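I opened the model to look up a few local features and then the overall make-up. My entries follow in the order in which I checked things.

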Amino acid sequence: EGEARSENRIKGHQAFIFVKPDAMTEAIIALVAKRLKEYRIDVLSAGTISSEVLDKQKLIDLHYYALASKATVFMPSMLDVVNTSKAAFEVQFGISWDAVLEDDRVYNAQEACQFLGLDA
């Protein structure tokens, strides 16, 4: 069974998993390892990265770049919003995603700061 499982695994994908410093306890580390194992995700190595290395190599910046670029660079009309998210948006706000786009009532983070007069 173990051999069959390993053949079905997706090969070639890698990721970093960051545990925030305030959550860095033995219990959390054990929980993360357990959950990864449940999903048959192999941990190839584990360790600690100092804040100086994180800062110098911009590891957090690179990690969050995809999110940050969607929040600041892309216009809302450029985002690929799936139907389930559109439905959730409408339930939450009482108006459809397409309607707020059409009425120019949705902003990315940079536009929202400008609209609200924020500069930091």
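Entry 1, the start of helix 7. I find a side-chain oxygen of Asn108 within 3.1 Å of the backbone nitrogen of Gln110, at the start of helix 7. I count a polar contact as a pair of N or O atoms within 3.5 Å; within protein, one must be able to donate a hydrogen and the other to accept it, and residues adjacent in sequence count only if both atoms are side-chain atoms. Helices (H or I, at least four residues) and strands (E, at least two) are DSSP runs, numbered from the N terminus.

Source notes. The model is predicted: local features need pLDDT of at least 70, side-chain atom pairs count only at pLDDT 80 or more, and totals for chains, interfaces and linings use all residues. Residues are numbered from 1 along each chain as its sequence is written, and side-chain values use heavy atoms, with hydrogens and water left out.

I place Asn108 in the loop between helix 6 (97-102) and helix 7 (109-116). Is Asn108 buried or exposed? Asn108 is buried, because its relative accessible area is 5%; the classes are buried under 20%, exposed over 50% and partly exposed in between (1.4 Å probe, protein chains only). A polar atom of the Asn108 side chain also lies 3.2 Å from the backbone oxygen of Thr72. Leaving out residues up to four places away in sequence, I list Ala71, Thr72, Val73, Phe74, Met75 and Pro76 as touching Asn108, where contact means heavy atoms within 4.5 Å.

Gly117 follows helix 7 and has a positive phi, near 75°.

Most residues other than glycine have a negative phi. I note that Arg40, not a glycine, has a positive phi of about 55°. Arg40 follows helix 2 and sits in the loop between helix 2 and helix 3 (51-56). Its relative accessible area is 31%, so I log Arg40 as partly exposed. Lys58 is another non-glycine residue with a positive phi, near 55°. I find Lys58 in the loop between helix 3 and helix 4 (59-72), partly exposed at 48% relative accessibility.

What span should the 13 residues of helix 2 (residues 26-38) have at 1.5 Å a residue? The expected span, 1.5 Å times one less than the number of residues, is 18 Å, and the end C-alpha atoms are 18 Å apart, which agrees.

Phe16, Phe18, Ile49, Val53, Ile60, Tyr64 and Leu67 make a nonpolar surface patch of about 630 Å². Patches take residues with over 30% relative accessible area and no salt bridge, joining like charges within 9 Å and nonpolar side chains (Val, Leu, Ile, Met, Phe, Trp, Tyr) within 5 Å. A salt bridge is a side-chain nitrogen of Lys or Arg within 4 Å of a carboxyl oxygen of Asp or Glu. Helix 4 gives the largest share of the patch, 3 residues. I place Phe18 in the loop between helix 1 (2-8) and helix 2, partly exposed with a relative accessible area of 31%.

Entry 7, totals. I count 7 helices and 0 strands. Of the 120 residues, 8% count as buried.

Note on methods: Accessible areas come from the Shrake-Rupley method with a 1.4 Å probe; for residues, only the protein chains shown count as cover.
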